[in-house]
Amino acid sequence: MKSYRIAVIEGDGIGREVVPEGLRVLEAAGRRYDINFSWRHFDWSCETYLKTGRMMPEDGLNQLHEFDAIYLGAVGYPGVPDHISLWGLLIPIRRGFQQYVNLRPIRLLKGIESPLKDIEAGAIDFSIVRENNEGEYSEAGGRLFRNTDAELAIQEAVFTRRGCDRIMRYAFELSRERKRHVTSATKSNGIVHTMPFWDERFKTMAQEFPDVRSDQYHIDILTAHFVAHPEWFDVIVGSNLFGDILSDLGAAVAGSIGLAPSANLNPERLYPSMFEPVHGSAPDIAGKGIANPVAQIWSGAMMLRHLGQPAAATAIETALETVLADSEMHTPDLGGNARTCDVGDAIASQVSTAGQVK
Ligand code: GGG
């Protein structure tokens, strides 16, 4: 039996409702595939911030370092500014542990209705590779002349050759396991320093992968193509901000942001990687028991694959597709009436029993 130590951070809002469902499904997969999980829960959240002035303790990264992976729900809640919750927890973990790849698969699953007309399951199937450590998410900058007419704010984006090359290389390598096509999200017509540099690095990287088709679009028309021609795409590589925006759009096109998983990966495995749904804490529906747990459960499958358990990961992915094919198991974001725990329970049962002769 293989054992893994997993740090669990439920965080805020619906994170507290979907993480238990993710754990329930992972436990079911563990029983089936002879995997033992040792969970340690960390109560790091906006509530903690309001009590202690910190989202996580000063030595938070040291505490997490010893784990095989981090399983996170969502952060952010009214009463704490979003930049405090993000820069107090999620971003320090992503950066401190060099999780420079944020991998966000988007797939239209059987039984899920896309807002696009005449599109079938499988027609949307791409992966967004978001740069996760630099770019537009930067602390460089500042504010001057506060509370005067001359008040100003400056924010510097940071694009390094190392940062661009490593995320682009990851995207090209990933495409070799898929349809060998990488699209770069750019905006080099308007953003005149960082984006032409991004384009140069992309062109150079593409030369290392002559077997992979590459193209690029400015982010504005790329969003239009996501809606009009989602079947064009295979792997899309984007900066921190562009990758973030594209993944919410992609998730919406594939039915709901409540379905979209993500992996914050340190490909060199020097540090633990972190697995979380793309969605946030959704305060508007928190506490009602109606949040869609699928993104969290699917993120758990991504964690298992990263830990070297592909059979268990595939079993979870197959189970969630099977369960979602039944519209009775759709939560309100998908137009149904199912509750968070019903969906989690159904997926866990499916993982436990799939393929068993009755
Ligand atoms: N699932 C984690 C979460 O709460 N994400 C919401 C969010 O705002 N994330 C910002 C980001 O990914 O940069």
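1. The model is predicted: local features need pLDDT of at least 70, side-chain atom pairs count only at pLDDT 80 or more, and totals for chains, interfaces and linings use all residues. Residues are numbered from 1 along each chain as its sequence is written, and side-chain values use heavy atoms, with hydrogens and water left out.

2. Ten strands make an open, mixed sheet, ordered β2-β1-β3-β12-β11-β4-β5-β10-β8-β9. From one strand to the next, the twist averages 25 degrees. Strands (E, at least two residues) and helices (H or I, at least four) are DSSP runs, numbered from the N terminus. Pairing takes at least two DSSP bridges between two strands.

3. β4 (residues 101–107) and β11 (residues 261–265) pair antiparallel over three bridges. L103 has A263 of β11 as its bridge partner.

4. Helix α4 (residues 82–96) lies across β1 (2–11), β3 (69–74), β4, β5 (125–131), β11 and β12 (273–277). It runs at about 140 degrees to β12. Helix α5 (residues 161–175) also packs on the sheet, touching β4, β5, β8 (181–186), β9, β10 (235–238) and β11. The direction of α5 makes about 165 degrees with that of β5. Contact means heavy atoms within 4.5 Å. Axes are lines fitted to C-alpha atoms, for helices over the stretch in contact; angles run from 0 to 180 degrees between N-to-C directions.

5. D118 sits in the β4–β5 loop. Its phi is near 55 degrees, positive although the residue is not glycine. D118 is exposed, because its relative accessibility is 77% (exposed is over 50% relative accessible area, buried under 20%, partly exposed in between; 1.4 Å probe, protein chains only).

6. A282 is in the loop between β12 and α9 (294–306). Its phi, near 45 degrees, is likewise positive in a non-glycine residue.
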